[in-house]
Number of protein chains: 2
Amino acid sequence: MARKTGSHSEITGPRVRAAALTLFAQHGFAAVSMRQIAREVGVQAGALYLYTKDKQSLLFDLMRTHMDELLAAWADEPKGQSALDALQAFSRFHIRFHLERPEAVFIAYMELRNLTDENFAAIEALRRQYEGELEAILRAGQDAGELDLSDIRLSSMAIIAMLTGVNTWYREGGRLSREAVADRYWDMVRGAVGA
Amino acid sequence: MARKTGSHSEITGPRVRAAALTLFAQHGFAAVSMRQIAREVGVQAGALYLYTKDKQSLLFDLMRTHMDELLAAWADEPKGQSALDALQAFSRFHIRFHLERPEAVFIAYMELRNLTDENFAAIEALRRQYEGELEAILRAGQDAGELDLSDIRLSSMAIIAMLTGVNTWYREGGRLSREAVADRYWDMVRGAVGA
DNA sequence: CTTTGATATGAACGTTTGTTCATTTAACAC
DNA sequence: GTGTTAAATGAACAAACGTTCATATCAAAG
C-alpha cells in the first residue's frame, strides 16, 4: 500500500522535518526514536531514510536551516542610521524572530552536544557569525561615543542571553503582547549599554 | 570480588551521583546509560540500584539538591541595606554560585523535560521560589523609588537570563576574572533597571 | 496496456537499554 | 574462627534502538 494520492517526496520530506522539529523540541534528540517520528508522519520507520541519511543528519539539517534563516533574516532587516538605531533594530528583531519559532530555537540551544564534531563546528561558526553582527554594532556605537561599554564581547553575550531568555517565559495570549515585551526589553538593553 | 577496602555506601553513593552529574551534563540524561555511569564509578550496572531507585530518581536527586543548595546559599547571603544593595548582592551571588557548579546548572536548565510530571512540578516550584526572591527585591526597590521598572516579573526574568548566560561563555583562566565579570554584569543590571 | 521509477512496506539485523535477582565476596562483631 | 550482613557481581530479561533491504504498490509516461 504505497504511494497514496498526494504522497510525494515534496510532501513527505517537509512533514518528516516538521515532526522531527516538534518531537526533538519536546523530548530531546536522544529521547526521540525514528519510529516515533515515523508514527507522527504516518509512515513506517524505514521510509524516513528516503528523506534523510540518518538521524544525525536530520538534527543537523534542522539546526543549519534555522541558523541560515536567522542570518538571512537579519541581513534583510532595516537597521536605521546610528549605532543606537541598529542596536534597537537588533533587539526587536531578535525577540520577534525567536518568538516566531520557539521549537527551532529550543533545539538550536539544547542539542548542540548531540551533534558530531564536524556538524557542531559548522553550527558554532554560524552562531559566532550572528554574535559578530551584534559585536559590530556595539563597536560602532563605542567608536561613535554613543555607547559606554567596558567589554564588547561580554556585553554582546549578556544582551543575547537576555533577549533569548524571552522564549523561556513568553506565552501566546499572555499578559503582554510581543510588541510590549520588545518595548520593555529595548528599554533594558539601552540602559545596560549606558545609553 | 565485592567489598574492596574503602568501598562503602558512604563512598560509592556520592561517587555515583558525581559520575551521573558529569555524564548527564556532558551528553544529556537520555544519552547516558546506567552502564556508562557504572563504568565511571568502577562498578557493575546492577550495583547502582543499591544507591538509587532508578535512573529518573538519580536525575531528580541531582536537580533537587542543586535547587536546595541554591536557595540555602542565597538565604545565607548578606544583602545590605537598600534594595539596590540587595540587587547588587543578588547579581554577584548568582554569578558566583552558578560559575562554581556549571555541570549542575547545565542539568537544571536542560533536563527539565526528562523529569516525570510530578518531579517537574517539584523542581519548578523551587525555581519559582528563587525567581520570587529577585522579584521581591525589585518590588522593594520600586516601592522605595530606587528603581524604575515597567514590569517586575519581566525584569526579573531578563536579569536572571542575563546573569545565567555567563555560564555559556565563561572559561576558567580566560581574559577576565570572575570578579571582573561580576563587576561588569552588575553595571549592566544597574543600567537595565534604571538606577 | 505496458513499462518505468519513485514511494512505501514490513521483516529482519545486531546492539543496547533499564532493571532484577540469585549468588559471591569480604569487613567486622563476637 | 565463626557467623552476620552490607556491598557487589554477572547473568538474564523483554523491549526498544538505528538502519538495511527485498519486496510491493501505484502514478504517470509512452
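## Cavity

The largest cavity is lined by 18 residues, and G28(A), R113(A), E111(B), R113(B) and N114(B) lie nearest its centre. The search ran on a 1 Å grid over the protein atoms alone; a cavity is a set of points where a 1.4 Å probe fits but cannot get out, and lining residues have an atom within 4 Å of a point. The lining divides into eight nonpolar, six polar and four charged residues. Here Ala, Val, Leu, Ile, Met, Phe, Trp, Tyr, Cys and Pro count as nonpolar, Asp, Glu, Lys and Arg as charged, and the others, Gly among them, as polar.

The largest cavity holds about 110 Å³ of space. The structure has one cavity of 30 Å³ or more. Grid points are joined across faces, edges and corners, and a volume is the space filled by probe spheres set on the points.

## Model and numbering

This is a predicted model, in which local features need pLDDT of at least 70 and side-chain atom pairs count only at pLDDT 80 or more, while totals for chains, interfaces and linings use all residues. Residues are numbered from 1 along each chain as its sequence is written, chains are lettered from A and ligands numbered from 1 in the order in which they are written, and side-chain values use heavy atoms, with hydrogens and water left out.

## Chain A fold

Chain A has nine helices and zero strands. Helices (H or I, at least four residues) and strands (E, at least two) are DSSP runs, numbered from the N terminus. The C-alpha atoms of chain A fill a box of roughly 70 × 40 × 30 Å along the principal axes.

## Domains of chain A

An automatic or database assignment sets the domain bounds. Chain A splits into domain 1 (1–52) and domain 2 (54–192). Their contact takes 15 residues from domain 1 and 13 residues from domain 2; contact means heavy atoms within 4.5 Å. The C-alpha centres of the two domains lie 29 Å apart.

The two domains bury about 1,400 Å² between them, 72% of it on carbon and sulfur atoms. Buried area is the accessible area (1.4 Å probe) that two parts lose on being put together, summed over both. In domain 1, L21(A), F29(A) and T52(A) lose the most area to domain 2, together 44% of what that side buries.

## Chain interface

In this interface, 34 residues of chain B are in contact with 34 residues of chain A. The chains bury about 2,600 Å² between them, 64% of it on carbon and sulfur atoms. In chain B, R113(B), L154(B) and M188(B) lose the most area to chain A, together 28% of what that side buries.

Definitions and conventions: On a 1 Å grid over the protein atoms alone, a cavity is a set of points where a 1.4 Å probe fits but cannot get out, and a pocket is an open set with protein on both sides within 12 Å along at least five of seven lines; lining residues have an atom within 4 Å of a point.
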